[in-house]
Amino acid sequence: MKRRSDRLKRGIATLPHRALMMSAGTSAEDLASDKPFIGIANSFNTLIPGHIHLDVLAAEVARGIRDAGGVPFQWGVPGVCDGIAMHVEMRLSLPSRDHIADNIEIMVLSHSLDGWVGVTNCDKITPGMLMAAGRLNLPAVMITGGPMTANRVDDRKRHPIEGFGLVGRVKAGKLSEAEAEAMLPMMVCGAGSCVGLYTANTMAVVTEVLGMSLSGSATTPAVDPEKARQAYETGRRIVDLVTENLRPREIMTEAAFENAIRADMAMGGSTNTVLHIPAVARENGIDIPVERFDRISRETPNLCSIIPAGPYEMLDVDRAGGIPALLSRLSSTLHDTRTCEGLTLKEVAGRAAVLDDEVIRPLDRPYHEEGGIAVLGGNVGRSAIVKQTALRPEMRVHTGPARVFHSEEELLDALETNGIQEGDVVVLPYQGPAGAPGMPEMLTPTDAIMGAGYQRVALITDGRFSGATTGPCIGHAEMEAYNGGPIGAIRDGDVIDIDVPGRRLDVRLSPGEIEKRLEERRPPSREVTPLLRSFRERYQTLNCYGKKGG
């Protein structure tokens, strides 16, 4: 079989090319061989806990490639930690997803690689790599770095993300700064993606169910020796995929995306999957409308109760049998799709067993009758997204007056001055891809509201929420305010009706009044970098899913 790398290995025209590669350490024997050239897109860095160990995993991937008869080549991929960027400069996080896909396209095609491995873990890095896999359609496989494990202090799980709630308690005067600072050491957990079913771990689940990583990858903890073995086997497997010429678009089919959405709904994952799954699908030539999430959610019971929605962490899911065990529960509703392992998804499910019926409940005893996400219609937007499994029953239907803020700082100031009352509906417009720009996550304000002790305060935004968000938080209102969406017409005191079972989100304004107000709107002025400016320009005629209209 002729390989892409052959153009570098054969003929006098590539004499200087080979000299350059040998200058970088490639041996003459490797250049003269029929061995496939395999790239390793390594997102290791020393900034993100989910990525500080990926150099070790990448070394194991390289060893596996060598042992299977391939030649590994490694380069660096950037990674933003959403938790660190939150509230400081979070607008670059979503654009980084597309940047990562571009990075891999540049490196793989420029260097005539036959296939590649993505070494990844956190929020935007994994979907960016999956986007690249579909775009290039060259043999590819992912190894996700695994979750961190929570500390146990007085029989309570402690971890970094609970710090966002402590901010709200301090702002509300329920906790002193000194008391909050004293809790810092117990929240430090070490290597791995954050312990719960936040975006990083949700996308790891999606990757495994799509068939783009080895079974067990999503839930095996970062510090478990099994993770290094998975990395080694991933390296071996990519050589097989190149030999078999098995490509991502044969794995990431429309049926595979439906399986991934179903597993996500059963687990109660991050609302960010509603942004990332369609983006990955689009690179594979597949359209996944937002309504598909709602349909599958209505059909799929929620079988897990994982932090932040419940008491369990990803380590508990791993001990209960991992994602294969979850798939065994869902097997009758799954499409029998291919995986990178050479097995079908139903074969993976058939080999698994659930080892803890509370961590992964049976279908006849779910935590919730419907899956994690609901898609709302109404006059606030053509659609909006809520993580319904994180709602208290009394907030599934709610009516309250709007309190409108144009920045997180304004909202946090209002918390300190008691400017928010029980029953209010906080509205944060101009947070979308064009408006912010960059569509930042709203974890700081949502957890501050919860931390301050409010029980009946909802939040609506055209931005997005972290997978760590809990409570009545409705995001992705489209079209966004910057592009003329009706969320930009809402003013203080307007009455808003939320009906999650009825899938409605409405403001009590006439169409004429909404139109009149939108003609008078004045988007807030914000400083933007060149990258953010280009991102804004790209989305000025699109909704947050990259489609025309809203």
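**Entry 1: the whole fold**

I started with contacts (heavy atoms within 4.5 Å). Among those in the protein with a separation of 6 or more, 76% are between residues 24 or more positions apart.

A note on what I am looking at: this is a predicted model, in which local features need pLDDT of at least 70 and side-chain atom pairs count only at pLDDT 80 or more, while totals for chains, interfaces and linings use all residues. Residues are numbered from 1 along each chain as its sequence is written, and side-chain values use heavy atoms, with hydrogens and water left out.

Next I looked up the overall size. The C-alpha atoms fill a box of roughly 75 × 50 × 50 Å along the principal axes. The radius of gyration, taken over C-alpha atoms, can be set against a globule rule of 2.2 Å times the number of residues to the power 0.38. For 550 residues a compact globule would come out near 24 Å, and the protein agrees, with 23 Å.

How much of the protein is buried? I used the cut-offs under 20% relative accessible area for buried, over 50% for exposed and partly exposed in between, with a 1.4 Å probe and protein chains only. By that count, 62% of the 550 residues are buried.

I then listed the 22 helices and 14 strands. Both are DSSP runs numbered from the N terminus: helices are H or I with at least four residues, and strands are E with at least two.

**Entry 2**

A reminder to myself: strands of a sheet pair through backbone hydrogen bonds, either parallel or antiparallel. Here two strands count as paired if DSSP finds at least two bridges between them.

Four strands make an open, parallel sheet in the order β2-β1-β3-β4. At its edges I found β2 (71–76) and β4 (140–144), each pairing on one side only. Neighbouring strands are turned by 20 degrees against each other on average, direction ignored. For angles, axes are lines fitted to C-alpha atoms (for helices over the stretch in contact), and values run from 0 to 180 degrees between N-to-C directions.

I zoomed in on β3 (residues 115–120), which runs parallel to β4 and is joined to β4 by five bridges. In one of these pairs, Val-119 has Ile-143 of β4 as its bridge partner.

Which helix packs on this sheet? I found α6 there, touching β1 (37–42), β2 and β3, with its direction at about 145 degrees to that of β2.

**Entry 2: helix α6**

Helix α6 covers residues 93–110, which is 18 residues. From first C-alpha to last, α6 reaches 26 Å, close to the expected 26 Å; the expected span is 1.5 Å times one less than the number of residues. Its buried residues include Leu-94, Ile-100, Ile-104 and Val-108. Just after α6, Ser-112 takes a positive phi of about 55 degrees.

I followed β10 (residues 425–428) on both sides. It pairs with β11 in the parallel sense over four bridges, with Val-425 opposite Ala-458 and Val-427 opposite Ile-460. Strand β9 (residues 397–404) also runs parallel to β10, joined by three bridges; Arg-403 stands opposite Val-426.

Where do the side chains of β10 point? Val-425 and Val-427 go one way, Val-426 and Leu-428 the other, and all are buried.

**Entry 3: the cysteines**

How many disulfides does the structure hold? I counted zero, using a pair of cysteine sulfur atoms within 2.5 Å as the test. For Cys-81, the closest cysteine sulfur is in Cys-122, 6.1 Å away, which is too far for a bond. Cys-473 is in no disulfide either, with the nearest cysteine sulfur, that of Cys-544, 16 Å away. Cys-81 counts as buried at 18% relative accessibility, and Cys-473 is buried at 6%.
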